Amino acid sequence: MEMMKEKKPEVNLGVKLGEISLQNPVIPASGCFGFGYEMNQYYPIDILGSISIKGTTLHPRFGNPLPRVAECNSGLINSVGLQNPGVDAVIDNELPRLREVFHQPIIANISGFSIDEYVECCRKMDVQQQVEIIELNVSCPNVHGGGISFGTDCSTLSSLVKEVRKVCSRPLYVKLSPNVTNIVSLAEAALNAGADGICLINTLLGMRIDIKTRRPIIANIMGGFSGPAILPIALRMVYQVRQAFPEIPIIGCGGVTSAADLIEMMLAGANAVEIGAANLINPYACKDIIDELPLLLENLGVENISDLKLN
């Protein structure tokens with residue numbers, strides 16, 4: 001009688017962000033997945049590791065003037081301007097609707113234009129049972145600091161994180177801007193001020209010009225550049241922060257469009273990975289990555305995705 005072949009062990013996709021366990025490392029990035037529940041019409045979103053919901057501000061925002069999206073060969077530029085209904089409406093309407101179809105950890109992405117706005121928004125979000133992690137988007141201009149972005153100056157970033165930390169009992173992650181010369185110094189400033197983890201990178205600053213009208217395509221002239229073209233920059237920055245801080249939880253983000261990209265991001269040092277612009281091109285992007293991961297990891301001889309590291 002022919003001996004039955006020994007069954008290979010199933011690949012374990014589970015990861016941890018600090019003390020929080022995720023069933024897999026796939027997280028739709030804020031701004032590219034709405035508030036999450038809208039995508040449940042395409043596939044059961046409960047298969048995701050987590051969701052970073054649409055960026056939320058203290059007050060409702062219509063967003064920037066149109067046009068606010070410009071296509072690029074390997075990505076896109078957007079200047080949506082944090083369009084959202086405001087934190088109270090998100091708490092009252094969006095989070096309950098998401099929780100009806102999603103039972104994994106939820107990440108609340110918070111933005112503001114002053115320290116007081118960030119603090120009040122985080123204070124309100126911190127007491128919501130649906131929210132497990134708060135993610136600070138620090139790419140906004142500080143209206144009380146000469147317009148400089150919170151995420152491009154160590155002192156400004158430190159002041160923001162210190163004040164938010166006072167009202168935030170949830171794990172606090174800071175999503176760093178790549179529009180700096182030394183990403184490690186910004187990560188250090190955030191961590192020293194009380195952040196629990198780092199998410200990087202946010203979008204690069206870019207622009208496109210219509211050669212017929214000889215005017216910028218985007219009404220705001222410049223916007224956030226995302227998509228496959230920024231993956232090498234994101235990998236480099238994740239790697240630099242991981243080398244400087246071996247033990248902190250890191251969410252990698254930027255240009256990931258496939259299971260292979262996600263594995264590359266985790267090899268660079270990410271514990272979990274946010275998928276952004278890919279969702280705007282293919283609404284099944286995150287599902288496809290989750291489906292592809294087990295076979296690809298098996299082919300690489302990896303039984304636990306959390307064991308991925310550079311040789």
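How do H3 and H4 run relative to each other?

**View 1. Helices H3 and H4 of the predicted model pack together.** H3 (residues 154-165) and H4 (residues 183-192) pack at an angle of about 25°, their axes 8 Å apart. Axes are lines fitted to C-alpha atoms, for helices over the stretch in contact, and angles run from 0 to 180 degrees between N-to-C directions. H3 and H4 are therefore roughly parallel to each other (angles under 35 degrees). Helices (H or I, at least four residues) and strands (E, at least two) are DSSP runs, numbered from the N terminus.

**View 2. Residues at the contact of H3 with H4.** Cys154, Leu157, Ser158 and Val161 of H3 meet Ser185, Leu186, Ala189 and Ala190 of H4 (contact: heavy atoms within 4.5 Å).

**View 3. An open sheet of eight strands.** The strand order is S3-S16-S15-S10-S9-S8-S7-S4, with parallel pairing (at least two DSSP bridges between two strands). S3 (26-28) and S4 (51-52) stand at the edges with a single partner strand each, so one side of each has no neighbour in the sheet.

**View 4. The S4 edge.** S4 runs parallel to S7 (residues 106-110), joined by two bridges. Ile51 stands opposite Ile106 in S7.

**View 5. Helices across the sheet strands.** H6 (residues 259-268) lies across S3, S15 (250-253) and S16 (272-275), at about 135° to S16. H8 (residues 285-299) lies across S3 and S16, at about 175° to S3.

Residues are numbered from 1 along each chain as its sequence is written, and side-chain values use heavy atoms, leaving out hydrogens and water. In this predicted model, local features need pLDDT of at least 70, side-chain atom pairs count only at pLDDT 80 or more, and totals for chains, interfaces and linings use all residues.

Key: Parallel < 35°, antiparallel > 145°, perpendicular 65-115°, else oblique.
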